[in-house]
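Let's walk through this fold together, starting with how its strands pair up and moving on to the space between its elements. Keep the 3D view open as you read.

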Amino acid sequence: MDAPLFPLFADLNGRAVLVVGGGAVAGRKVEALLHAGARPRVGAPHLSPALRELAEAGRIDWLPGLFDTRWLAEDVWLVVAATDTATVNQAVARAAEAQRLFVNVVDDAQLSRFHVPAVVERGALQIAISSGGAAPMVARHVRRRLEELFDGAWGQLTALAGRHRPAIRARFPDTAARRRFFDRLLDGPVLELLRRHRPADAESALRQAMADEPPAAAGSVVLVGAGSGDPGLLTLAALRALNQADVILHDRLVSAEVLQLARRDADRIEVGKSARGHSTRQEHIHALMLEHARAGRRVVRLKGGDAFVFGRGGEELQFLRAHGIAYEVVPGITAALACAAHAGIPLTHRDHAQQLRLVTAHCRDSLDTLDWRALAALRQTLVFYMGVAALAQIQARLLEAGLPAATPFALVENGSRPGQRVVSGHLRQLADAATTHAVQSPALLVVGEVAALANELHWYGQAPLPAAPRTSSLSAKTPAATLADAA
């Protein structure tokens with residue numbers, strides 16, 4: 001499926017729905033429709049005993065015979081094709097499509113225009129799970145897991161909040177204030193009282209929470225490290241911050257998958273920096289944090305990697321402290337750790353590297369401030385951030401400082417993401433290899449003996465690409481021999 005399904009809860013109460021098919025599968029669809037208050041019309045030559053009983057009781061309308069397009073009357077809202085004959089299901093799908101009616105074809109995701117999800121139902125609270133028709137058993141497994149997480153008290157809580165909704169909206173007309181009230185409510189005793197079957201006490205606790213003077217809206221900023229792009233590497237604290245944010249100021253390289261985990265109604269503002277394209281000045285980022293925090297909003301400053309590793313996190317905290325803004329920091333997995341791990345490169349190794357140096361190389365001025373002689377020392381690992389545009393200069397400086405030309409390197413492009421590529425070779429090949437393989441940012445450069453281990457220990461994505469076509473003599477070498485060349 002090219003695009004995800006649009007989640008939709010349909011109000012079918014009192015509305016006609018056509019179900020084509022009279023067997024057990026159609027019966028299950030009819031049961032779900034009746035539960036939703038719909039008026040099913042079942043078209044089939046014959047009905048199962050269960051469906052016949054429903055028809056005799058007047059709960060469904062039976063349209064006897066083979067499929068007829070006239071069954072798609074003007075008052076039909078949805079169509080379900082549930083026969084065991086593919087040609088009939090296809091005919092139903094075509095006819096429904098022609099009349100712009102949403103149709104579900106059982107066990108045929110391609111013909112379906114709506115899908116029936118697996119549902120966890122707790123009173124008015126419904127949680128729907130869909131695999132887009134690709135793997136219904138996965139959706140059912142997820143439903144079982146959610147059944148364990150959400151007990152019946154959640155349905156009672158939903159009903160209680162629904163009864164008091166007008167009063168809550170009147171008490172907290174501002175959306176942000178109302179959200180904070182519900183955060184306090186859900187963290188308070190109401191849910192636990194409902195679990196103890198004390199509904200009157202739960203209602204009293206809700207009324208008391210409404211009567212209490214809400215704390216003044218104090219804005220704050222959370223510096224959150226988004227890691228290298230894989231949403232699975234986010235910390236639980238980062239997820240919590242994203243779900244509580246009113247405003248998210250995010251870097252350009254923060255992945256879409258990470259942003260999708262944030263609250264849907266949070267304002268997202270890109271404040272990324274780029275060496276070649278549009279960049280947001282740091283002073284403007286400071287001003288945005290101050291503006292939104294002073295307005296009482298919870299601001300998440302979402303940074304790729306870790307905020308304190310070449311992320312200007314320290315500068316931003318100094319600014320916030322100087323202006324009296326409350327802040328906290330959620331660390332992220334910095335690119336050196338994530339990219340090296342996904343490339344199979346141990347950054348330290350007792351046989352090959354006892355030191356690790358993290359270096360930024362985003363501009364010529366930063367290169368001029370580095371101690372290249374110290375960087376050229378053996379038995380250490382160098383990791384260069386933001387160095388794609390300066391690979392030729394890095395190569396030249398390291399060689400001039402005395403680092404052997406046979407020192408292994410690895411370029412990790414889009415580390416930990418689905419499009420990860422690793423290019424490996426020797427230092428003398430670095431710039432040419434990057435050109436040959438058209439390496440693009442974001443990419444991390446690892447230099448040192450351990451970089452050769454990517455060829456042996458890679459586990460994520462494709463095997464490393466060679467810097468140049470391997471000759472027969474090189475291909476015969478073991479990883480240990482490659483490391484020996486670099487010593």
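Take V17: its bridge partner in β2 is P40. That pair belongs to a set of five bridges joining β1 (residues 16–20) to β2 (residues 39–44), and the two strands run parallel. (Strands here are DSSP runs of E, at least two residues, and helices are runs of H or I, at least four, numbered from the N terminus; two strands pair if DSSP finds at least two bridges between them.) This is a predicted model, where local features need pLDDT of at least 70, side-chain atom pairs count only at pLDDT 80 or more, and totals for chains, interfaces and linings use all residues. Residues are numbered from 1 along each chain as its sequence is written, and side-chain values use heavy atoms, with hydrogens and water left out.

Zoom out and you get an open sheet of five strands with parallel pairing, in the order β3-β2-β1-β4-β5. β3 (61–64) and β5 stand at the edges with a single partner strand each, so one side of each has no neighbour in the sheet. Across β1, β4 and β5 lies helix α3 (residues 86–98), running at about 165° to β5. (Contact means heavy atoms within 4.5 Å; axes are lines fitted to C-alpha atoms, for helices over the stretch in contact, with angles from 0 to 180 degrees between N-to-C directions.)

Which helix or strand gives the most to the lining of the largest pocket? That's α1, with seven residues. (On a 1 Å grid over the protein atoms alone, a pocket is an open set of points where a 1.4 Å probe fits, with protein on both sides within 12 Å along at least five of seven lines; lining residues have an atom within 4 Å of a point.)
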